[in-house]
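Trainee: Hi! Could we go through the charged pairs in this protein together?
Mentor: Happy to. Let me bring it up.
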Amino acid sequence: GEAIVPVWNSQMNFDESWPSTLHQVDEMKRLRIEPVLALNWLPPEYRELGPFDDGDAASLITKHPETLDNLVESSIIAWGDTGSRWRIGRAEDSPTHLEGAAEALKERLEDLVFNLDISTPSTSSASAHLPMTPREEVATASASVLEAWCHDEQIIELPAPWKAGSHGLQPTPFYPALKHLIQAVGGRSEVTWLPVQPSLHACMLEGNDQEPVIVVWKKNPNGPHEQLSLPITSEQVQCLDVLGQPAARRPEQHQHHILIEDLPVIIKDFSASGPRLMSGLLLQPQSLPAELKVHDHRLSLHNNSSRPLVGHLIANAVEGVELRPAIIGLDLAPGERLEMPLEVVVTTPLPAGAVPIHWEARLERGHRLPMTTWMTVGLPDLQVDWTRRNTSSRDLVIDLDLINEGQEPRIVHVSLGHVDLDMGPAARLTVAPGASLSQTFRIPDGEYSLAGASISLMLEDRETNGKLREMMQIAPRPITAGVSDRTTP
C-alpha cells in the first residue's frame with residue numbers, strides 16, 4: 001500500500017516538525033507502506049516570503065525554489081536514494097505553479113534518487129468533509145481504506161493520522177485504527193469478495209506466507225447494527241474492531257455469528273475453506289420482484305477448493321419464498337462449476353428489502369457448511385418508503401412516499417390492516433412516469449389505541465400481482481407509577 005505524508009507542517013517550522021515526520025515515515029516503511037512525500041502545506045518560516053496562505057506550497061516553490069534545499073538535503077540523509085515518491089500542491093493550484101514546483105524539485109533530486117516520481121493531486125481528491133465525532137472519523141476513514149484496498153486502487157488517500165500538538169506531531173484517533181488496518185491488509189493482495197447482506201461489505205484477504213483475514217465494514221456506519229454469519233468453526237477465531245476491541249460473536253457448530261456495529265471488524269485465526277466455498281455460491285439475478293408467481297433464476301456453485309465436492313446442497317425454508325429444486329446433488333471436481341436453472345416462487349406478500357436465502361452443503365464424512373445468499377425484494381421501477389411521523393397528538397400518522405422510475409404510469413392499491421380494527425378500503429394511487437407521490441394515513445387516537453400492537457402496511461400492484469407488506473410495531477404506552485399518601489395503621 002501507499003500513504004501520502006506531508007513533509008512540511010503549516011503550524012511548525014521545518015526543523016521542529018522534521019523529527020516527527022521522519023519517525024512516521026520510518027514506521028510506515030517498517031509496516032511495508034510506501035510513503036509518498038507531499039509538499040502541500042507551508043511552514044510558518046516561509047510565509048513572510050509571500051504573502052502566501054497555509055496551502056500555497058506550489059506557489060512558494062515556483063517563486064522561491066531555494067526553500068527546497070533544506071528539505072531535499074534532510075531527505076537524502078534520511079533515506080538515501082530511496083525517497084523517490086513525491087506529490088506537490090493541491091488540486092485547485094494553478095497548473096503553471098504545479099509545473100514550476102515539480103521542475104524545481106526534479107532539478108534537485110534527479111541525479112540523487114532512483115525512479116523519481118513527482119505527481120500532483122487530482123481534483124477528485126479535493127472534497128469537503130462534514131464535521132464528525134472522532135469515532136465517526138475512525139469508522140469513515142477505515143472504511144475508505146478497506147474499500148480502496150479491496151478494489152485494488154493504486155493510491156489510497158486518507159486523512160493524516162497525526163496533527164500538530166504542543167510537543168510536535170501527535171496521533172489522531174485514526175492512528176491506532178490505521179496501524180490495525182495496515183497489519184490486516186499488509187502482504188495480502190489476493191481479495192475474495194464474500195456474499196453478505198446489501199448493507200455490508202466483506203472480503204477475505206490472503207497472501208504468500210500470510211494467514212487469511214476477513215475484513216467487514218458497513219456501507220453506512222450510522223446504520224443499524226448487523227449480524228454477519230460466516231461458515232467458520234474454529235473456537236480460536238479472533239474478531240476485533242479496528243481499534244482492537246472485541247466484537248461480539250456467537251459460535252455455533254458449523255458457523256459464527258458476528259455483530260457488526262459502526263466500526264469495521266477484522267476476523268483472524270480461521271480456516272479459509274468455508275468462506276472460499278461460500279464466495280463461489282451465486283444466485284442470479286439478485287433482485288426478486290414481490291410478485292406472487294414463479295421467477296426464473298440461475299444457481300452457480302464453483303468448487304474453488306482443492307478437494308472434490310460430493311454431497312447435497314439444500315435450500316432451507318424461507319417464509320413466503322420457495323426454491324425448486326430445494327435439494328441439489330453435488331459431485332464437483334476441484335475447479336469445476338455447477339450451473340443450473342432454479343425457480344424462486346413467491347407465495348405470500350413480502351417486505352421490501354434484503355431477504356436471506358439460507359443454504360447448507362451436506363458433504364462426505366458428515367461435514368456441513370452453512371452458507372447464505374441475499375436477494376433484494378421490491379417492485380420493479382417503483383421505490384416505496386413508509387415513515388411513521390412523530391407528532392404531539394394521540395393520532396398515529398404514517399406517510400407513504402412513492403417514486404415511479406419506469407416509463408409507464410403505475411396504479412397501486414394501498415391499505416392498512418389490524419386484526420381487530422376495520423381501517424377502511426384500500427386507497428387507489430396513480431404515479432406518473434418519472435414522478436413521485438406522497439400519501440398520508442391518519443388513525444385517530446392510534447398512538448394510544450394501538451400501543452403495543454402492530455399493523456400491516458400493504459401495497460398491491462394488481463396488474464402484475466405484486467404485493468409488498470410491511471409490519472409496523474407501535475411502541476407500548478409508557479407506564480406511570482403513582483404514589484399514595486395513605487399509610488397503614
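Trainee: Is Asp 262 buried, partly exposed or exposed?
Mentor: Keep in mind that this is a predicted model. Asp 262 counts as partly exposed, at 21% relative accessibility. The cut-off for buried is under 20%.
Trainee: And which residue does Asp 262 meet in a salt bridge?
Mentor: That would be Arg 135, with 2.6 Å from N to O between the two side chains.
Trainee: Nice. How many salt bridges does the structure hold?
Mentor: There are 18. One of them joins Glu 206 and Arg 276, whose closest N and O atoms are 2.4 Å apart. Glu 206 belongs to strand 8 and Arg 276 to helix 8, so this pair links parts 70 residues apart in sequence.
Trainee: What about Glu 206, buried or exposed?
Mentor: Glu 206 counts as buried, at 12% relative accessibility.
Trainee: Switching topic: what does Arg 250 pair with?
Mentor: Arg 250 forms a salt bridge with Glu 252, at 2.8 Å from N to O. Arg 250 has a relative accessible area of 41% and is partly exposed, and Glu 252 is partly exposed at 34%.
Trainee: Which residues do shared partners join into one network?
Mentor: Asp 56, Arg 90 and Asp 93 are joined that way, through salt bridges that share partners.

Note on methods
Residues numbered from 1 in each chain as written. Predicted model: local features only at pLDDT ≥ 70, side-chain atom pairs only at ≥ 80, totals over all residues. Heavy atoms only, no water. Salt bridge = Lys/Arg side-chain N within 4 Å of Asp/Glu carboxyl O. Buried < 20%, exposed > 50% of the residue type's maximum accessible area, 1.4 Å probe, protein only. Helix = DSSP H or I, 4+ residues; strand = E, 2+ residues; numbered from the N terminus.
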